[in-house]
Amino acid sequence: MEEMELLKEKINLEPTKSEMELLKERIKLESVESKMELLKEKIKLESMESKMELFKEKIRTAVMDSDYAENIIVFGEGKENAKICMIGEAPGGEEEKQRKPFVGRAGKILWDFLEITGLKREQIYITNVVKFRPADRSKTGRTINRTPKKTEIDFFLPYLIEELMIVQPDIIVTLGNVPLKAVTGEESATIGAMHGVMTTTKHSYQLFPLYHPASIIYNSGLAQTYQNDLQILKQYL
C-alpha cells in the first residue's frame, strides 16, 4: 500500500511521462488479477500506438509525393484514447518550429482557458485539419500565416477522418470555422451560429464547437463568450 502511495506521488511529480511508461510502472506493483487487466490495457495502447505510427508514415509518404513536399509536417499529439480531441485549422510559425500543435500564442490562450474545465494538455489529443503551416509572404518579405486553401483541406481531410478513427474520442472540440466545416462536412456551418452547443456529426461523434483561441487576440470581447462556452463543455466531462 505504501508503495502504491509513493507511485501516485511519483506520477504527480512526473507529468511529462508517457501513458505507456506510467502503465508499465503500475503493472510492476499490482496484484496478479489487476496485472491481467492492466496488461490488456497495455496491449490495447500498444495497438493504438502502432496504428498511429503507421498513420503518420502514410501522411509522410503522401506529402512527399505531393506539391507539399517541402513543407514541415506537424502531427497531432496527446492521449490517444482521450475523451476529448481538439482540432484546429493548421499550425502556425511556432508550431512549425517546435513541430507540435498549439504551442504558440493561441495555444497559450487555449490552455489558460481550459483551466475552467479542469482539463490538462496531457488528457487531450490535439491536432489540426491541415498538417503544415499555410503561409504567404508579406510586402516586407516576412512569412505570415494564412487560412488554408480548399485544396489543402481536401488533401488532409481523409487523414483527419482516419486519425479520429484511431483516437476514438468521446467528444470532438473544433476550434474555429475551418475544422468545424471539415468535421461536419457542411460548408455553410459557421462558428458564430454553432459555438457552445453539443451536436452529433454524421460519423456519430459528439461535437462541441469553440471559437479559435486566436480570435480572442483580435476580438477581446469574445473572451466572455469563450468562458461561457467552456462552462457548458465542463458539464459533459
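Exposed, in these notes, means over 50% relative accessible area; buried means under 20%, and partly exposed covers what falls in between. With that cut-off written down, I opened the predicted model and started with the charged side chains.

**Entry 1: the salt bridges**

I looked up the salt bridges and found that the structure holds ten. As a reminder to myself, side chains of opposite charge can pair when their charged atoms come close.

I began with lysine 108, whose partner is aspartate 112, with the closest N and O atoms 3.0 Å apart. Both residues sit in helix H5, four residues apart, about one turn of the helix. Is lysine 108 buried or exposed? Its relative accessible area is 55%, so lysine 108 is exposed, given the cut-off of over 50%. Aspartate 112, at 39%, is partly exposed.

Next I checked helix H3 (residues 32-64), where glutamate 57 and arginine 60 lie three residues apart, again about one turn of the helix. Their side chains meet in a salt bridge of 3.1 Å, N to O. Glutamate 57 has a relative accessible area of 42% and arginine 60 has 33%, so I noted glutamate 57 as partly exposed and arginine 60 as partly exposed too.

Then I turned to glutamate 77 and arginine 121, whose side chains form a salt bridge at 2.8 Å, N to O. This pair links distant parts of the chain, 44 residues apart: glutamate 77 belongs to strand E1 (residues 77-78), and arginine 121 to the loop between helix H5 (105-114) and strand E3 (124-128). Glutamate 77 is partly exposed at 25%, and arginine 121 is partly exposed at 22%.

I also wrote down a network of salt bridges that links Asp136, Arg146 and Glu152.

**Entry 2: arginine 133**

Where is arginine 133 placed? I found it in the loop between E3 and strand E4 (135-137). Its relative accessibility is 14%, which means that arginine 133 counts as buried.

I then asked what its side chain meets. A polar contact of 2.6 Å joins it to the side chain of asparagine 145, and it reaches the backbone oxygen of threonine 143 at 3.4 Å. Beyond its neighbours within four places in sequence, arginine 133 has contacts that include Asn71, Ile72, Pro91, Gly92, Gly93 and Glu96.

I moved on to the inside of the model. In soluble globular proteins, nonpolar side chains tend to be buried together. Here the largest nonpolar core has 56 residues, and Met86, Leu110, Val173 and Tyr226 have the most contacts inside it. Helix H6 (residues 150-167) gives the most to this core, with seven residues.

Setting aside neighbours within four places in sequence, valine 173 touches Ile84, Cys85, Met86 and Ile87, along with Phe208, Leu210 and Leu233.

Isoleucine 84 is in strand E2 (residues 84-88) and counts as buried at 2% relative accessibility. How far apart in space are isoleucine 84 and aspartate 170? Their C-alpha atoms are 6.0 Å apart, although 86 residues separate them in sequence. Among the contacts of isoleucine 84 outside four places in sequence are Leu119, Ile124, Tyr125, Pro169, Ile171 and Leu237.

Technical notes
Residues numbered from 1 in each chain as written. Predicted model: local features only at pLDDT ≥ 70, side-chain atom pairs only at ≥ 80, totals over all residues. Heavy atoms only, no water. Core = buried A, V, L, I, M, F, W, Y, C linked by side-chain atoms within 4.5 Å. Buried < 20%, exposed > 50% of the residue type's maximum accessible area, 1.4 Å probe, protein only. Helix = DSSP H or I, 4+ residues; strand = E, 2+ residues; numbered from the N terminus. Contact = heavy atoms within 4.5 Å. Salt bridge = Lys/Arg side-chain N within 4 Å of Asp/Glu carboxyl O. Polar contact = N/O pair within 3.5 Å; in protein donor to acceptor, adjacent residues only side chain to side chain.
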